[in-house]
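Colleague: I am new to this one. Please show it to me, then take my questions one at a time.

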Amino acid sequence: MVKLNPSSTRQIDRTFSALSDSTRRSILARVAQDDGLRVTDLAEPFADRMSLPAVSKHLRVLERAGLLRQEKDGRVRRCHLEAKPLAEAAAWIGHYRKFWTDRLDALADYLEGDASGSS
């Protein structure tokens with residue numbers, strides 16, 4: 001079992017909560033592809049379904065989760081990906097991936113042994 005201190009637990013909760021929304025995942029994907037995008041550029045693909053203030057709310061959620069950093073460049077806000085929380089979440093998932101891989105391998109070994117014993 002992965003042991004997490006309370007601070008790590010809160011961080012992983014914030015990370016998964018932020019990633020639970022498809023708009024925020026899309027925003028992160030765009031920033032990962034083109035770091036330093038302007039907020040208005042990030043909002044452009046969503047213009048038909050949400051306002052700039054609504055996109056800004058999503059950006060604040062990502063920022064509070066530590067996944068995104070905004071900087072002011074004159075009158076323009078630019079967004080930058082912060083990967084550390086994603087790495088921590090990936091490590092947490094990786095532990096459980098190993099657990100289930102080991103369990104499924106053991107089940108396969110059992111079934112293969114049982115199948116060869118019944119012939």
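**Aromatic pairs**

Modeller: The structure holds 3 aromatic pairs. Rings of Phe, Tyr and Trp (its six-membered ring) pair if their centres lie within 6.5 Å; planes under 30 degrees apart count as stacked, over 60 as edge-to-face and the rest as tilted. This is a predicted model: local features need pLDDT of at least 70, side-chain atom pairs count only at pLDDT 80 or more, and totals for chains, interfaces and linings use all residues. Residues are numbered from 1 along each chain as its sequence is written, and side-chain values use heavy atoms, without hydrogens and water.

Colleague: Are the rings of Trp-92 and Tyr-96 stacked, tilted or edge-to-face?

Modeller: Their centres are 4.9 Å apart. Their planes stand at 55°, so the pair is tilted.

Colleague: Where do Trp-92 and Tyr-96 sit, and by how much are they separated?

Modeller: Both lie in helix 5 (residues 84-117); helices are DSSP runs of H or I, at least four residues, numbered from the N terminus. Trp-92 and Tyr-96 are 4 residues apart, so the separation is about one helical turn.

Colleague: Which kind of pair do Phe-99 and Trp-100 form?

Modeller: The ring centres of Phe-99 and Trp-100 are 5.0 Å apart. The planes are at 85°, so the pair is edge-to-face.

Colleague: Is Trp-100 buried or exposed?

Modeller: Buried means under 20% relative accessible area, exposed over 50%, partly exposed in between (1.4 Å probe, protein chains only). Trp-100 has 53% relative accessibility, so Trp-100 counts as exposed.

Colleague: Which residues do ring pairs link into a cluster?

Modeller: The cluster joins three names through ring pairs: Phe-16, Trp-92 and Tyr-96.

Key. Helix = DSSP H or I, 4+ residues; strand = E, 2+ residues; numbered from the N terminus.
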